[in-house]
Amino acid sequence: MSERRFEVTRDGHVATVVLAGPGGKPVMDAAFFAELGSTFAELDRDDDVRAIVVTGSGGNFSFGLDLGEAASTFGRMGEASGAGARAEFLDLIREWQATLTAVASCRKPTVAAIEGWCVGGGIDLAAACDVRISTADAKFSVREAKMAIVADLGSLQRLVGVIGDGHLRELALTADDIDATRALAIGLVNSTYDGADALREAAAGLAGRMAANSPLVLRGIKDVLDAERGPRVEAGLRYVAVWNSAFLLSDDLGEAMTSFMERRPPRFTGR
């Protein structure tokens, strides 16, 4: 049996989804995306589950995309030419976007409990949840610009309604790391806690209070709140998928991957 990327536990009406990448490393590979969608589809169908906590393992929430696997995928697609290769890349981006949308569109309330690093795709996943809380020592980064990538899995679309346009532009355009104090100040997280145990207790309590309400009403609240956001987010996701299928496979992307492996600053040329 292949190694699973998630562990799901249940306590009453609250399910907890624990993220674990290949070998326990908190990164998002192809298996992660495939399992994420199926995991949330199953939880969405389960009438006994009324709220969901999403958390990491090993002291971190997520380092984002598995860059080793991504470099191989991008390299293979970059070697191909013609519209067919671009269409294949567009399909891949849309497939990955759909797995994050499965989290955002889940009819059950979701709480992201963030410990340690939450980077790149980790931010996309956290943004797809209804509420975010963290440990006081958590670190956050919309990191894609440093990797010569336009973030394309939902953070640019969903975070504007969470932290506002100005803060989102600053985080996305600089790709800076921020600490939990800044994240709390701009509304990226609702509250912070001293240590992992306190975070898990708070997340379970928050999800439990949600789960105590009428499941029909919880579904209705999410449906009403998403009536405006959903179409706007989907339009943005479609646009960025087309943009990246056209422009992501650049010389700058290759330089970003090489410099990351060589542990040096990248030298971007805009090509």
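A residue is called buried when its relative accessible area is under 20%, exposed when that area is over 50%, and partly exposed in between, using a 1.4 Å probe and protein chains only. The model is predicted, so local features need pLDDT of at least 70 and side-chain atom pairs count only at pLDDT 80 or more, while totals for chains, interfaces and linings use all residues. Residues are numbered from 1 along each chain as its sequence is written, and side-chain values use heavy atoms, with hydrogens and water left out.

**Exercise 1.** Decide whether Ser155 is buried or exposed, and find the residues that it is in contact with.

Step 1: Ser155 has its place in helix α5 (residues 155-158), where a helix is a DSSP run of H or I with at least four residues, a strand is a run of E with at least two, and both are numbered from the N terminus.
Step 2: Ser155 has a relative accessible area of 1%, and is therefore buried.
Step 3: Once neighbours within four places in sequence are left aside, Ser155 is in contact with Ile123, Asp124, Val142, Val160 and Leu168, contact meaning heavy atoms within 4.5 Å.

**Exercise 2.** Classify the ring pairs that involve Phe32.

Step 1: Rings of Phe, Tyr and Trp (its six-membered ring) pair if their centres lie within 6.5 Å, and planes under 30 degrees apart count as stacked, over 60 as edge-to-face and the rest as tilted.
Step 2: This rule gives a count of four aromatic pairs. One of them joins Phe6 and Phe32, with 4.9 Å centre to centre and 45° between the planes, a tilted pair.
Step 3: That pair links distant parts of the chain, since Phe6 is in strand β1 (residues 6-11) and Phe32 is in helix α1 (residues 30-45), 26 residues apart. Phe6 is buried at 6% relative accessible area, and Phe32 counts as buried at 2%.
Step 4: The rings of Phe32 and Phe33 have centres 5.8 Å apart and planes at 85°, so this pair is edge-to-face.
Step 5: Ring pairs link Phe6, Phe32, Phe33 and Trp96 into a cluster.

**Exercise 3.** Describe the open sheet and the pairing of its strand β1.

Step 1: Two strands pair if DSSP finds at least two bridges between them. The open sheet has six strands in the order β1-β2-β3-β4-β6-β9, and its pairing is mixed.
Step 2: The edge strands, β1 and β9 (191-193), each pair on one side only.
Step 3: β1 pairs with strand β2 (residues 14-19) in the antiparallel sense over six bridges, and Asp11 stands opposite Val14 in β2.
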